[in-house]
Amino acid sequence: MSDSAVEPVSANAPTVTGPVMMNQSWRDLTFLHWAVDPEKVARWMPPGVRPDTLDGVTYVGLIPFRMVGAGIGRGPGVPWLGSFLETNVRLYSVDETGRRGIVFLSLDADRAAVVAGARAAFGLPYRWARMRYRVSGEVHSYDARLRGPGRRTESHIVIRAGARRVSSDLDDFLSARWGLHVRWWGTTLYVPNRHEAWPVHEAEVLALDDELLGSVGLPDLAARPPDHVAFSPGVRTEFGFPGDARRPRHP
């Protein structure tokens, strides 16, 4: 596939046809990213998908946030189950049809039922964790510890959010993603989503002590400062139903 066949990076969501599968809000997100050689992460890509690159490199993201008001279709948020804390480790992907997306290496959440449901329904690599989020002024703290016998994997992130900034090309490349790729029962699925353009703010890392990156096979990254840092108060999003990643959706 030539680069000309890849959809352009745009902060404005494309049209998603068909019914809405679910809606949810992502709030108080911190984006931490490390630039890596695409070959370093290619082995985690589902069939028919390769690492997406900007200026010859791809990125690994560590992103803690609050999930708020997740609901079925366009309906209201499910009480209790629809709001929880999450931290994900993700990669950036492009499929054979040219659609850019995300591949998750892990999604850690503090709702056991959500973890079980998402793993069963879509094969997403959710894990159950103890989590805590605190905010004091512009300082945001995120803590996670994986649950399970013998598990001591932990993450501690503290950032100070700053003023809103004009999104850079890198901000858009990392945040303007309109679907995810996941391997499920031998097929690579593409799950589309749409939301308003991200409000992106400056952010300063005050503390970073993370083992989640190492738990998915990237132990060296947290030992060095991230190459991209940002904060966002969040967006409201809608997801369409998954389809075969080899078949592009048309407006």
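User: What makes the contact of D220 and K40 a salt bridge?
Analyst: In this predicted model, the side chains of D220 and K40 come to 3.6 Å, N to O. A salt bridge is a side-chain nitrogen of Lys or Arg within 4 Å of a carboxyl oxygen of Asp or Glu, so the pair counts as a salt bridge. D220 lies in the loop between helix 4 (212-215) and strand 12 (228-240) and K40 in helix 1 (residues 38-41), so the bridge ties together parts 180 residues apart in sequence. Helices (H or I, at least four residues) and strands (E, at least two) are DSSP runs, numbered from the N terminus.

User: On what basis are such values given?
Analyst: The model is predicted: local features need pLDDT of at least 70, side-chain atom pairs count only at pLDDT 80 or more, and totals for chains, interfaces and linings use all residues. Residues are numbered from 1 along each chain as its sequence is written, and side-chain values use heavy atoms, with hydrogens and water left out.

User: Why is D52 called buried?
Analyst: Buried means under 20% relative accessible area, exposed over 50%, partly exposed in between (1.4 Å probe, protein chains only). D52 has 3% relative accessibility, so D52 is buried. Its salt-bridge partner R177, at 3.0 Å (N to O), is also buried, with a relative accessible area of 3%.

User: Why does W80 count as exposed?
Analyst: Its relative accessibility is 58%, so W80 counts as exposed. W80 lies in the loop between strand 3 (58-72) and strand 4 (84-95).
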